[in-house]
Amino acid sequence: MLKQNVFEIYRNYMIAKDTFVMVLKGEEHGFTVPGQFANVKVPGLYLRRPISVSDYNDGQFALMYKTVGVGTEQMSMMKPGEKVDVLTGLGNGYDLEKSGDKPLLIAGGSGVPPMYKLIKSLVAQGKTVDCVLGFNSMEEVFLFDELRALGANVLVATVNGSYGLKGFVTDAIAALPQDHSFFYTCGPMPMYNAIRKVLDIEGQYSFEERMGCGFGACMGCSMMTRSGAKRVCKDGPVFNSEDIIWEDQK
Amino acid sequence: MSGKQNRLSVELCGLALDNPIIPASGTFGYGYEFAELYDINILGSFSFKGTTYEPRFGNQTPRIAECSMGMLNSIGLQNPGVHAVIEQELPKLRQVFDKKVIANVGGFSVEEYAKTAALLDECEQVGIIEVNISCPNVHNGGMSFGTDPKAAAEVTAAVKEVTKKPVFMKLSPNVADIVSIAKACEDAGADGISLINTLLGMRIDLRRKKPVLANKMGGFSGEAVFPVAVRMVYQVYEAVKLPIIGMGGVSSAEGVIEMMLAGASAVQIGAANLVEPFICPKIISELPTAMDKYGIKNIKDIIGGAHNG
(Lines give C-alpha, C1' and ligand atoms only; values in the text may rest on other atoms or scores of the structure.)
Protein backbone atom coordinates (compact mmCIF):
# COMPACT_ATOMS: atom_id res chain seq x y z
CA MET A 1 0.00 0.00 0.00
CA LEU A 2 1.44 3.34 -1.07
CA LYS A 3 2.40 5.74 1.68
CA GLN A 4 4.08 9.13 1.37
CA ASN A 5 6.21 10.22 4.30
CA VAL A 6 9.28 12.21 5.15
CA PHE A 7 11.97 9.95 6.61
CA GLU A 8 15.21 10.75 8.36
CA ILE A 9 18.46 9.28 7.04
CA TYR A 10 19.97 7.09 9.76
CA ARG A 11 22.94 5.80 7.74
CA ASN A 12 24.06 6.22 4.11
CA TYR A 13 27.34 4.56 3.12
CA MET A 14 29.19 2.68 0.41
CA ILE A 15 29.14 -1.13 0.58
CA ALA A 16 30.89 -1.94 -2.73
CA LYS A 17 32.06 -0.17 -5.88
CA ASP A 18 29.36 2.41 -6.81
CA THR A 19 26.95 0.65 -4.42
CA PHE A 20 25.35 2.28 -1.39
CA VAL A 21 22.87 1.54 1.36
CA MET A 22 20.62 4.22 2.84
CA VAL A 23 18.80 3.31 6.05
CA LEU A 24 15.75 5.49 6.69
CA LYS A 25 13.91 5.95 9.96
CA GLY A 26 10.60 7.63 10.56
CA GLU A 27 6.90 7.18 10.58
CA GLU A 28 5.32 3.97 9.40
CA HIS A 29 6.21 2.79 5.89
CA GLY A 30 4.12 0.75 3.47
CA PHE A 31 6.38 -2.27 2.92
CA THR A 32 4.79 -5.67 3.51
CA VAL A 33 6.47 -8.01 0.98
CA PRO A 34 10.09 -8.56 -0.17
CA GLY A 35 10.67 -7.24 -3.70
CA GLN A 36 8.69 -4.00 -3.32
CA PHE A 37 10.37 -0.66 -4.03
CA ALA A 38 10.50 2.96 -2.90
CA ASN A 39 10.23 6.11 -5.03
CA VAL A 40 12.58 8.76 -3.70
CA LYS A 41 12.26 12.54 -4.14
CA VAL A 42 15.74 13.89 -4.83
CA PRO A 43 15.88 17.68 -4.30
CA GLY A 44 16.17 19.58 -7.58
CA LEU A 45 15.06 16.68 -9.79
CA TYR A 46 11.55 16.40 -11.19
CA LEU A 47 10.80 12.68 -11.29
CA ARG A 48 11.23 10.49 -8.22
CA ARG A 49 13.82 7.69 -8.37
CA PRO A 50 12.62 4.09 -7.96
CA ILE A 51 15.00 2.25 -5.58
CA SER A 52 15.20 -1.36 -4.35
CA VAL A 53 14.42 -2.15 -0.74
CA SER A 54 16.74 -4.70 0.83
CA ASP A 55 15.17 -4.89 4.27
CA TYR A 56 12.42 -3.40 6.39
CA ASN A 57 11.05 -3.75 9.89
CA ASP A 58 9.04 -1.57 12.26
CA GLY A 59 10.12 2.05 12.00
CA GLN A 60 12.93 1.65 9.45
CA PHE A 61 13.88 0.30 6.04
CA ALA A 62 16.98 0.08 3.87
CA LEU A 63 17.38 1.26 0.28
CA MET A 64 20.23 -0.26 -1.70
CA TYR A 65 21.31 1.44 -4.89
CA LYS A 66 24.04 1.80 -7.48
CA THR A 67 25.13 5.26 -8.60
CA VAL A 68 24.12 5.22 -12.25
CA GLY A 69 23.07 8.83 -12.87
CA VAL A 70 22.48 12.25 -11.33
CA GLY A 71 19.68 11.05 -9.03
CA THR A 72 21.51 8.19 -7.36
CA GLU A 73 24.78 10.17 -7.31
CA GLN A 74 23.01 12.92 -5.39
CA MET A 75 21.47 10.35 -3.04
CA SER A 76 24.91 8.94 -2.29
CA MET A 77 26.04 12.33 -1.00
CA MET A 78 23.16 12.80 1.46
CA LYS A 79 24.10 12.79 5.14
CA PRO A 80 22.62 11.15 8.24
CA GLY A 81 20.00 13.44 9.78
CA GLU A 82 18.83 14.80 6.42
CA LYS A 83 15.16 14.32 5.56
CA VAL A 84 13.92 12.52 2.44
CA ASP A 85 10.41 12.47 0.94
CA VAL A 86 9.70 8.85 -0.10
CA LEU A 87 6.75 6.93 -1.51
CA THR A 88 6.89 3.49 0.11
CA GLY A 89 5.08 0.18 -0.32
CA LEU A 90 5.21 0.27 -4.12
CA GLY A 91 4.92 -2.81 -6.34
CA ASN A 92 3.61 -6.30 -5.76
CA GLY A 93 6.80 -8.00 -4.47
CA TYR A 94 7.60 -11.72 -4.59
CA ASP A 95 4.94 -14.31 -3.81
CA LEU A 96 6.33 -16.32 -0.88
CA GLU A 97 3.52 -18.86 -1.10
CA LYS A 98 4.93 -20.24 -4.33
CA SER A 99 8.38 -21.10 -2.98
CA GLY A 100 7.96 -24.81 -2.20
CA ASP A 101 10.47 -26.38 0.21
CA LYS A 102 13.69 -25.57 -1.67
CA PRO A 103 13.60 -22.30 -3.60
CA LEU A 104 16.52 -21.08 -5.72
CA LEU A 105 17.30 -17.35 -5.68
CA ILE A 106 19.31 -15.83 -8.54
CA ALA A 107 20.48 -12.23 -8.55
CA GLY A 108 22.89 -10.20 -10.62
CA GLY A 109 24.54 -6.86 -9.81
CA SER A 110 22.00 -4.22 -8.84
CA GLY A 111 19.39 -7.02 -8.62
CA VAL A 112 20.92 -8.39 -5.41
CA PRO A 113 19.29 -6.05 -2.79
CA PRO A 114 15.77 -7.59 -2.61
CA MET A 115 17.34 -11.03 -1.92
CA TYR A 116 18.12 -9.94 1.65
CA LYS A 117 14.54 -9.64 2.90
CA LEU A 118 13.45 -12.49 0.62
CA ILE A 119 15.93 -14.93 2.20
CA LYS A 120 15.06 -13.67 5.68
CA SER A 121 11.36 -14.35 5.04
CA LEU A 122 11.88 -17.77 3.40
CA VAL A 123 14.27 -18.98 6.10
CA ALA A 124 11.77 -17.83 8.74
CA GLN A 125 9.22 -20.10 7.04
CA GLY A 126 11.61 -23.03 7.39
CA LYS A 127 12.60 -23.21 3.70
CA THR A 128 15.99 -24.45 2.47
CA VAL A 129 17.33 -21.60 0.36
CA ASP A 130 20.01 -21.78 -2.34
CA CYS A 131 21.14 -18.39 -3.59
CA VAL A 132 23.34 -17.59 -6.58
CA LEU A 133 24.84 -14.12 -7.04
CA GLY A 134 26.57 -12.77 -10.14
CA PHE A 135 28.89 -9.76 -10.35
CA ASN A 136 31.44 -8.45 -12.84
CA SER A 137 34.34 -8.46 -10.39
CA MET A 138 35.33 -8.65 -6.72
CA GLU A 139 35.03 -4.86 -6.10
CA GLU A 140 31.34 -5.07 -6.98
CA VAL A 141 30.48 -7.96 -4.65
CA PHE A 142 28.12 -7.05 -1.81
CA LEU A 143 25.73 -8.78 0.63
CA PHE A 144 27.51 -12.15 0.25
CA ASP A 145 28.38 -12.54 3.95
CA GLU A 146 25.08 -11.04 5.10
CA LEU A 147 23.01 -13.44 2.99
CA ARG A 148 25.03 -16.42 4.26
CA ALA A 149 24.51 -15.20 7.81
CA LEU A 150 20.74 -15.33 7.24
CA GLY A 151 21.03 -19.08 6.71
CA ALA A 152 21.07 -19.43 2.91
CA ASN A 153 23.55 -21.50 0.91
CA VAL A 154 25.13 -18.73 -1.19
CA LEU A 155 27.35 -19.12 -4.27
CA VAL A 156 29.02 -16.19 -6.03
CA ALA A 157 30.20 -16.02 -9.64
CA THR A 158 32.27 -13.17 -11.08
CA VAL A 159 32.80 -12.64 -14.77
CA ASN A 160 36.57 -12.12 -14.36
CA GLY A 161 36.96 -14.82 -11.72
CA SER A 162 38.32 -12.42 -9.09
CA TYR A 163 35.85 -13.76 -6.51
CA GLY A 164 34.00 -17.09 -6.23
CA LEU A 165 33.43 -19.09 -9.38
CA LYS A 166 34.68 -17.69 -12.66
CA GLY A 167 31.75 -17.18 -15.02
CA PHE A 168 28.07 -16.33 -14.85
CA VAL A 169 25.17 -17.20 -12.54
CA THR A 170 24.36 -20.08 -14.88
CA ASP A 171 27.77 -21.64 -14.04
CA ALA A 172 26.94 -21.34 -10.36
CA ILE A 173 23.49 -22.86 -10.90
CA ALA A 174 25.15 -25.80 -12.70
CA ALA A 175 27.31 -26.40 -9.62
CA LEU A 176 24.20 -26.99 -7.47
CA PRO A 177 21.99 -30.09 -7.26
CA GLN A 178 19.06 -29.60 -9.64
CA ASP A 179 16.35 -30.24 -7.06
CA HIS A 180 14.77 -26.82 -6.61
CA SER A 181 11.06 -26.31 -6.12
CA PHE A 182 10.78 -22.76 -7.51
CA PHE A 183 13.00 -19.77 -8.36
CA TYR A 184 13.01 -16.05 -7.64
CA THR A 185 15.25 -13.72 -9.61
CA CYS A 186 16.27 -10.09 -9.99
CA GLY A 187 18.91 -8.85 -12.43
CA PRO A 188 19.61 -7.55 -15.93
CA MET A 189 17.94 -8.82 -19.10
CA PRO A 190 21.00 -10.73 -20.44
CA MET A 191 21.03 -12.70 -17.17
CA TYR A 192 17.32 -13.51 -17.57
CA ASN A 193 17.90 -14.68 -21.13
CA ALA A 194 20.64 -17.00 -19.90
CA ILE A 195 18.84 -18.47 -16.89
CA ARG A 196 15.53 -19.12 -18.61
CA LYS A 197 17.37 -21.47 -20.97
CA VAL A 198 18.82 -23.58 -18.15
CA LEU A 199 15.89 -23.63 -15.69
CA ASP A 200 12.95 -25.95 -16.25
CA ILE A 201 11.04 -24.96 -13.10
CA GLU A 202 8.59 -22.09 -12.63
CA GLY A 203 9.66 -18.88 -11.00
CA GLN A 204 9.24 -15.14 -10.65
CA TYR A 205 11.25 -12.43 -12.42
CA SER A 206 11.52 -8.82 -11.24
CA PHE A 207 11.52 -6.23 -14.03
CA GLU A 208 12.93 -2.74 -14.29
CA GLU A 209 11.66 0.11 -16.46
CA ARG A 210 11.82 3.89 -16.57
CA MET A 211 8.89 5.09 -14.49
CA GLY A 212 6.91 8.30 -14.30
CA CYS A 213 4.93 7.90 -11.09
CA GLY A 214 5.75 4.47 -9.61
CA PHE A 215 2.17 3.82 -8.48
CA GLY A 216 0.20 2.95 -11.60
CA ALA A 217 -1.13 6.30 -12.78
CA CYS A 218 0.88 7.29 -15.85
CA MET A 219 1.27 4.00 -17.76
CA GLY A 220 4.88 4.96 -18.51
CA CYS A 221 6.35 1.56 -17.60
CA SER A 222 3.88 -0.79 -19.28
CA MET A 223 4.86 -4.21 -20.54
CA MET A 224 2.83 -6.70 -22.54
CA THR A 225 2.34 -10.08 -20.86
CA ARG A 226 0.39 -13.24 -21.68
CA SER A 227 -2.38 -11.86 -19.47
CA GLY A 228 -2.46 -8.44 -21.17
CA ALA A 229 -0.73 -5.08 -20.73
CA LYS A 230 0.68 -4.68 -17.21
CA ARG A 231 2.32 -1.79 -15.38
CA VAL A 232 5.78 -2.76 -14.09
CA CYS A 233 5.34 -0.36 -11.13
CA LYS A 234 1.91 -1.46 -9.93
CA ASP A 235 1.08 -4.91 -11.39
CA GLY A 236 4.80 -5.80 -11.07
CA PRO A 237 7.73 -5.42 -10.79
CA VAL A 238 7.52 -9.19 -10.13
CA PHE A 239 5.97 -11.35 -12.86
CA ASN A 240 5.41 -15.09 -13.08
CA SER A 241 7.61 -16.92 -15.60
CA GLU A 242 4.59 -18.23 -17.51
CA ASP A 243 3.23 -14.68 -18.04
CA ILE A 244 6.32 -13.21 -19.68
CA ILE A 245 6.55 -12.81 -23.45
CA TRP A 246 10.31 -13.10 -23.95
CA GLU A 247 10.27 -12.12 -27.62
CA ASP A 248 9.04 -8.65 -26.50
CA GLN A 249 11.93 -8.13 -24.08
CA LYS A 250 15.03 -6.30 -25.22
CA MET B 1 -21.86 23.32 1.10
CA SER B 2 -25.50 23.94 2.02
CA GLY B 3 -26.30 27.14 3.85
CA LYS B 4 -22.93 28.69 3.12
CA GLN B 5 -21.62 29.94 -0.15
CA ASN B 6 -18.74 27.92 -1.55
CA ARG B 7 -15.93 30.33 -2.42
CA LEU B 8 -14.33 27.76 -4.70
CA SER B 9 -17.29 26.83 -6.88
CA VAL B 10 -17.10 27.30 -10.63
CA GLU B 11 -19.21 26.19 -13.56
CA LEU B 12 -18.44 24.67 -16.96
CA CYS B 13 -21.28 24.76 -19.50
CA GLY B 14 -23.92 24.20 -16.82
CA LEU B 15 -21.87 21.61 -14.93
CA ALA B 16 -21.40 22.92 -11.39
CA LEU B 17 -18.01 22.11 -9.86
CA ASP B 18 -17.29 22.37 -6.12
CA ASN B 19 -13.88 23.73 -7.02
CA PRO B 20 -11.86 24.35 -10.20
CA ILE B 21 -9.39 21.50 -9.60
CA ILE B 22 -9.46 18.72 -12.21
CA PRO B 23 -6.69 16.10 -12.58
CA ALA B 24 -5.65 16.03 -16.23
CA SER B 25 -6.08 13.12 -18.60
CA GLY B 26 -3.20 10.65 -18.60
CA THR B 27 -2.07 11.45 -15.08
CA PHE B 28 -5.01 9.99 -13.19
CA GLY B 29 -5.88 6.72 -14.98
CA TYR B 30 -9.59 6.02 -14.55
CA GLY B 31 -9.46 7.38 -11.01
CA TYR B 32 -8.96 4.12 -9.19
CA GLU B 33 -5.28 4.41 -8.20
CA PHE B 34 -5.93 7.77 -6.55
CA ALA B 35 -9.17 6.62 -4.90
CA GLU B 36 -6.92 4.23 -2.93
CA LEU B 37 -5.01 7.29 -1.67
CA TYR B 38 -7.74 9.84 -0.92
CA ASP B 39 -11.45 10.52 -1.37
CA ILE B 40 -11.50 11.71 -4.98
CA ASN B 41 -14.95 13.26 -4.44
CA ILE B 42 -13.15 16.34 -3.09
CA LEU B 43 -12.11 17.14 -6.70
CA GLY B 44 -14.08 19.40 -9.02
CA SER B 45 -14.00 16.52 -11.50
CA PHE B 46 -11.26 14.62 -13.31
CA SER B 47 -10.44 13.89 -16.92
CA PHE B 48 -9.95 10.19 -17.51
CA LYS B 49 -7.17 8.51 -19.51
CA GLY B 50 -7.39 9.30 -23.24
CA THR B 51 -9.70 6.66 -24.69
CA THR B 52 -9.77 5.41 -28.26
CA TYR B 53 -12.24 3.14 -30.03
CA GLU B 54 -9.92 0.11 -30.07
CA PRO B 55 -7.66 -0.98 -27.20
CA ARG B 56 -4.08 0.28 -27.52
CA PHE B 57 -0.80 -0.74 -25.88
CA GLY B 58 0.93 2.47 -26.94
CA ASN B 59 4.59 2.96 -27.82
CA GLN B 60 7.63 0.91 -26.91
CA THR B 61 9.40 1.64 -23.62
CA PRO B 62 11.30 3.59 -22.40
CA ARG B 63 8.56 6.16 -22.67
CA ILE B 64 9.42 8.46 -19.75
CA ALA B 65 12.38 10.87 -19.45
CA GLU B 66 13.53 13.35 -16.81
CA CYS B 67 13.85 17.06 -17.67
CA SER B 68 14.58 20.22 -15.72
CA MET B 69 11.35 21.00 -13.86
CA GLY B 70 9.42 18.60 -16.01
CA MET B 71 9.29 15.32 -17.86
CA LEU B 72 8.80 13.79 -21.28
CA ASN B 73 6.30 11.05 -21.96
CA SER B 74 5.69 9.05 -25.11
CA ILE B 75 3.00 6.69 -23.80
CA GLY B 76 1.06 6.81 -27.05
CA LEU B 77 -2.52 6.60 -25.77
CA GLN B 78 -2.38 3.24 -24.00
CA ASN B 79 -5.97 2.43 -23.04
CA PRO B 80 -8.32 -0.56 -22.95
CA GLY B 81 -10.66 0.83 -25.65
CA VAL B 82 -13.99 2.58 -25.21
CA HIS B 83 -16.03 -0.61 -24.78
CA ALA B 84 -13.92 -1.79 -21.85
CA VAL B 85 -14.02 1.72 -20.39
CA ILE B 86 -17.82 1.75 -20.47
CA GLU B 87 -18.29 -1.85 -19.34
CA GLN B 88 -15.51 -2.09 -16.73
CA GLU B 89 -13.86 1.21 -15.78
CA LEU B 90 -16.95 3.40 -15.39
CA PRO B 91 -18.88 0.92 -13.17
CA LYS B 92 -15.72 0.55 -11.05
CA LEU B 93 -15.38 4.33 -10.88
CA ARG B 94 -19.00 4.69 -9.74
CA GLN B 95 -18.06 2.87 -6.50
CA VAL B 96 -15.61 5.62 -5.56
CA PHE B 97 -16.73 8.76 -7.41
CA ASP B 98 -20.20 10.33 -7.19
CA LYS B 99 -19.52 13.24 -9.51
CA LYS B 100 -19.50 13.65 -13.27
CA VAL B 101 -16.27 12.72 -14.98
CA ILE B 102 -14.69 14.32 -18.04
CA ALA B 103 -14.32 11.73 -20.81
CA ASN B 104 -11.12 12.31 -22.77
CA VAL B 105 -11.37 10.94 -26.31
CA GLY B 106 -8.49 10.21 -28.70
CA GLY B 107 -8.65 9.12 -32.30
CA PHE B 108 -6.97 8.47 -35.62
CA SER B 109 -9.74 9.63 -37.93
CA VAL B 110 -12.74 11.97 -37.78
CA GLU B 111 -15.01 8.92 -37.85
CA GLU B 112 -13.21 7.26 -34.94
CA TYR B 113 -13.54 10.35 -32.73
CA ALA B 114 -17.27 10.46 -33.50
CA LYS B 115 -17.82 6.71 -32.92
CA THR B 116 -16.08 6.83 -29.54
CA ALA B 117 -17.83 10.03 -28.47
CA ALA B 118 -21.23 8.63 -29.48
CA LEU B 119 -20.76 5.67 -27.12
CA LEU B 120 -19.66 7.91 -24.25
CA ASP B 121 -22.63 10.21 -24.87
CA GLU B 122 -24.84 7.46 -23.45
CA CYS B 123 -22.94 7.31 -20.15
CA GLU B 124 -24.73 9.15 -17.39
CA GLN B 125 -21.45 9.49 -15.43
CA VAL B 126 -19.86 11.55 -18.20
CA GLY B 127 -20.40 15.29 -17.74
CA ILE B 128 -18.15 16.66 -20.49
CA ILE B 129 -16.47 15.16 -23.52
CA GLU B 130 -12.91 16.42 -23.96
CA VAL B 131 -11.57 15.71 -27.43
CA ASN B 132 -7.83 15.24 -27.59
CA ILE B 133 -6.70 16.58 -30.97
CA SER B 134 -3.25 17.20 -29.59
CA CYS B 135 -1.49 13.97 -28.62
CA PRO B 136 2.10 14.31 -29.89
CA ASN B 137 2.83 10.60 -29.45
CA VAL B 138 0.79 8.89 -32.13
CA HIS B 139 1.27 8.96 -35.88
CA ASN B 140 -1.41 9.68 -38.48
CA GLY B 141 -3.68 11.21 -35.94
CA GLY B 142 -3.68 12.91 -32.60
CA MET B 143 -1.77 16.12 -32.96
CA SER B 144 -2.25 16.44 -36.71
CA PHE B 145 -5.93 17.28 -36.09
CA GLY B 146 -4.92 19.96 -33.62
CA THR B 147 -2.37 21.74 -35.78
CA ASP B 148 -4.66 22.47 -38.74
CA PRO B 149 -7.75 24.70 -38.22
CA LYS B 150 -9.73 22.88 -40.90
CA ALA B 151 -9.07 19.43 -39.43
CA ALA B 152 -9.80 20.70 -35.91
CA ALA B 153 -13.13 22.07 -37.13
CA GLU B 154 -14.02 18.78 -38.81
CA VAL B 155 -13.42 16.76 -35.65
CA THR B 156 -15.36 19.31 -33.59
CA ALA B 157 -18.36 19.21 -35.91
CA ALA B 158 -18.33 15.40 -36.12
CA VAL B 159 -18.28 14.99 -32.33
CA LYS B 160 -20.91 17.69 -31.76
CA GLU B 161 -23.15 15.83 -34.19
CA VAL B 162 -23.23 12.71 -32.00
CA THR B 163 -23.46 14.08 -28.47
CA LYS B 164 -25.65 16.34 -26.37
CA LYS B 165 -22.94 16.70 -23.76
CA PRO B 166 -20.66 19.76 -23.73
CA VAL B 167 -17.66 19.22 -26.02
CA PHE B 168 -14.28 20.69 -25.06
CA MET B 169 -11.53 20.56 -27.67
CA LYS B 170 -8.08 19.92 -26.18
CA LEU B 171 -5.51 21.87 -28.15
CA SER B 172 -1.84 21.40 -28.91
CA PRO B 173 0.70 24.12 -28.10
CA ASN B 174 2.84 22.90 -31.01
CA VAL B 175 1.39 25.48 -33.41
CA ALA B 176 2.36 28.91 -34.68
CA ASP B 177 -1.08 30.39 -34.04
CA ILE B 178 -3.13 28.86 -31.22
CA VAL B 179 -5.90 31.44 -31.71
CA SER B 180 -6.74 30.29 -35.24
CA ILE B 181 -7.22 26.71 -34.02
CA ALA B 182 -9.37 27.79 -31.07
CA LYS B 183 -11.53 29.99 -33.31
CA ALA B 184 -11.97 27.16 -35.80
CA CYS B 185 -13.24 24.93 -32.98
CA GLU B 186 -15.59 27.68 -31.76
CA ASP B 187 -16.98 28.25 -35.23
CA ALA B 188 -17.53 24.49 -35.64
CA GLY B 189 -19.69 24.42 -32.50
CA ALA B 190 -17.32 23.51 -29.64
CA ASP B 191 -18.65 24.29 -26.16
CA GLY B 192 -15.23 24.90 -24.61
CA ILE B 193 -11.48 24.75 -25.06
CA SER B 194 -8.91 22.79 -23.00
CA LEU B 195 -5.29 23.82 -23.28
CA ILE B 196 -2.42 23.10 -23.35
CA ASN B 197 -1.44 19.53 -24.15
CA THR B 198 2.29 18.73 -23.97
CA LEU B 199 5.07 20.42 -25.93
CA LEU B 200 6.99 18.18 -28.31
CA GLY B 201 10.47 17.53 -26.94
CA MET B 202 13.46 15.17 -26.88
CA ARG B 203 16.27 14.07 -24.55
CA ILE B 204 19.43 12.23 -25.61
CA ASP B 205 21.21 9.69 -23.40
CA LEU B 206 24.90 10.63 -23.30
CA ARG B 207 26.08 7.08 -22.55
CA ARG B 208 24.14 5.44 -25.37
CA LYS B 209 24.31 8.58 -27.55
CA LYS B 210 20.74 7.90 -28.61
CA PRO B 211 17.37 9.45 -27.71
CA VAL B 212 16.20 8.38 -24.23
CA LEU B 213 12.71 7.57 -25.48
CA ALA B 214 12.16 4.56 -27.73
CA ASN B 215 9.78 6.76 -29.72
CA LYS B 216 12.57 9.41 -29.88
CA MET B 217 10.23 12.37 -29.25
CA GLY B 218 7.71 12.86 -26.49
CA GLY B 219 5.45 15.38 -24.82
CA PHE B 220 7.07 17.81 -22.36
CA SER B 221 5.03 18.67 -19.28
CA GLY B 222 5.59 19.81 -15.72
CA GLU B 223 6.29 23.15 -14.06
CA ALA B 224 8.63 24.30 -16.84
CA VAL B 225 5.76 24.67 -19.34
CA PHE B 226 3.61 26.88 -17.07
CA PRO B 227 4.45 30.26 -18.68
CA VAL B 228 3.71 28.88 -22.14
CA ALA B 229 0.35 27.60 -20.92
CA VAL B 230 -0.57 30.89 -19.22
CA ARG B 231 0.29 32.80 -22.40
CA MET B 232 -1.84 30.54 -24.60
CA VAL B 233 -4.82 30.57 -22.23
CA TYR B 234 -4.58 34.38 -22.18
CA GLN B 235 -4.49 34.59 -26.00
CA VAL B 236 -7.38 32.19 -26.49
CA TYR B 237 -9.49 33.96 -23.83
CA GLU B 238 -9.08 37.22 -25.79
CA ALA B 239 -10.18 35.61 -29.03
CA VAL B 240 -13.06 33.24 -28.20
CA LYS B 241 -16.17 33.43 -26.03
CA LEU B 242 -16.00 29.81 -24.88
CA PRO B 243 -15.08 28.68 -21.37
CA ILE B 244 -11.50 27.48 -21.06
CA ILE B 245 -10.02 24.69 -18.97
CA GLY B 246 -6.43 25.83 -18.41
CA MET B 247 -3.58 23.40 -17.81
CA GLY B 248 0.16 23.06 -18.20
CA GLY B 249 2.60 22.97 -15.30
CA VAL B 250 0.16 23.97 -12.57
CA SER B 251 1.32 22.64 -9.20
CA SER B 252 0.17 25.16 -6.57
CA ALA B 253 -2.82 27.22 -5.42
CA GLU B 254 -1.02 30.32 -6.75
CA GLY B 255 -0.64 28.64 -10.14
CA VAL B 256 -4.39 27.96 -10.20
CA ILE B 257 -5.14 31.63 -9.46
CA GLU B 258 -2.71 32.77 -12.17
CA MET B 259 -4.23 30.42 -14.73
CA MET B 260 -7.73 31.67 -13.90
CA LEU B 261 -6.65 35.32 -14.13
CA ALA B 262 -5.38 34.45 -17.62
CA GLY B 263 -8.86 33.24 -18.53
CA ALA B 264 -9.41 29.68 -17.32
CA SER B 265 -12.79 28.77 -15.80
CA ALA B 266 -11.29 25.61 -14.30
CA VAL B 267 -7.77 24.23 -14.06
CA GLN B 268 -6.34 20.80 -14.74
CA ILE B 269 -3.40 19.42 -12.79
CA GLY B 270 -1.27 17.01 -14.80
CA ALA B 271 2.33 15.90 -14.29
CA ALA B 272 2.30 17.15 -10.68
CA ASN B 273 0.00 14.22 -9.75
CA LEU B 274 2.73 11.80 -10.79
CA VAL B 275 5.46 13.16 -8.55
CA GLU B 276 3.22 14.40 -5.71
CA PRO B 277 0.29 12.00 -5.50
CA PHE B 278 -1.49 14.18 -2.92
CA ILE B 279 -1.03 17.46 -4.84
CA CYS B 280 -4.73 17.96 -5.71
CA PRO B 281 -6.03 17.70 -2.10
CA LYS B 282 -3.16 19.98 -1.09
CA ILE B 283 -4.06 22.64 -3.68
CA ILE B 284 -7.76 22.48 -2.78
CA SER B 285 -7.00 22.94 0.93
CA GLU B 286 -4.55 25.78 0.25
CA LEU B 287 -6.71 27.73 -2.21
CA PRO B 288 -8.78 29.65 0.38
CA THR B 289 -5.64 30.91 2.15
CA ALA B 290 -4.05 31.91 -1.16
CA MET B 291 -7.29 33.68 -2.16
CA ASP B 292 -7.30 35.59 1.15
CA LYS B 293 -3.72 36.65 0.54
CA TYR B 294 -4.63 38.18 -2.84
CA GLY B 295 -7.98 39.64 -1.74
CA ILE B 296 -10.12 37.22 -3.72
CA LYS B 297 -13.57 36.50 -2.27
CA ASN B 298 -14.94 34.01 -4.77
CA ILE B 299 -12.68 32.26 -7.22
CA LYS B 300 -15.09 32.52 -10.12
CA ASP B 301 -14.85 36.33 -9.93
CA ILE B 302 -11.25 36.30 -11.16
CA ILE B 303 -11.72 34.36 -14.40
CA GLY B 304 -10.02 36.42 -17.13
CA GLY B 305 -9.23 39.12 -14.57
CA ALA B 306 -5.83 39.84 -16.09
CA HIS B 307 -7.42 41.20 -19.27
CA ASN B 308 -8.12 44.89 -19.73
CA GLY B 309 -11.74 46.03 -19.66
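Before the first residue, a word on terms: helices (H or I, at least four residues) and strands (E, at least two) are DSSP runs, numbered from the N terminus. What I am showing is a predicted model, in which local features need pLDDT of at least 70 and side-chain atom pairs count only at pLDDT 80 or more, while totals for chains, interfaces and linings use all residues. Residues are numbered from 1 along each chain as its sequence is written, and chains are lettered from A and ligands numbered from 1 in the order in which they are written.

Let me start with the loops. In chain B, B:Ile196 sits in the loop between strand 9 (192-195) and strand 10 (199-201), and the peptide bond that joins B:Leu195 to B:Ile196 is cis, with omega about 10 degrees. Chain A has a cis bond from A:Gly236 to A:Pro237, with omega near 10 degrees, and A:Pro237 is found in the loop between strand 14 (228-231) and strand 15 (238-240) of that chain.

Next come residues with positive phi. B:Met69, in the loop between strand 4 (64-67) and strand 5 (70-73) of chain B, has phi near 50 degrees although it is not glycine. B:Leu77, in the loop between strand 5 and helix 2 (82-94) of chain B, has a positive phi of about 55 degrees and is likewise not a glycine.

Is B:Leu77 buried or exposed? A residue is called buried if 20 or more other C-beta atoms, placed from the backbone, lie within 10 Å of its own, exposed if 12 or fewer, and partly exposed in between. B:Leu77 is buried, because it has 24 C-beta neighbours inside 10 Å, whereas B:Met69 is partly exposed, because it has 15 others within 10 Å.

Finally, the helices. In chain B, helix 6 (residues 178-187) packs against helix 7 (residues 226-239) at an angle of about 45 degrees, with the axes 9 Å apart; axes here are lines fitted to C-alpha atoms, for helices over the stretch in contact, and angles run from 0 to 180 degrees between N-to-C directions. Helix 6 of chain B is therefore oblique to helix 7 of chain B, since angles under 35 degrees count as roughly parallel, over 145 as roughly antiparallel, 65 to 115 as roughly perpendicular and the rest as oblique.

Also in helix 7 of chain B is B:Pro227, which is exposed because 12 other C-beta atoms lie within 10 Å. B:Pro227 and B:Val250 are 23 residues apart in sequence and 9.8 Å apart in space, C-alpha to C-alpha.
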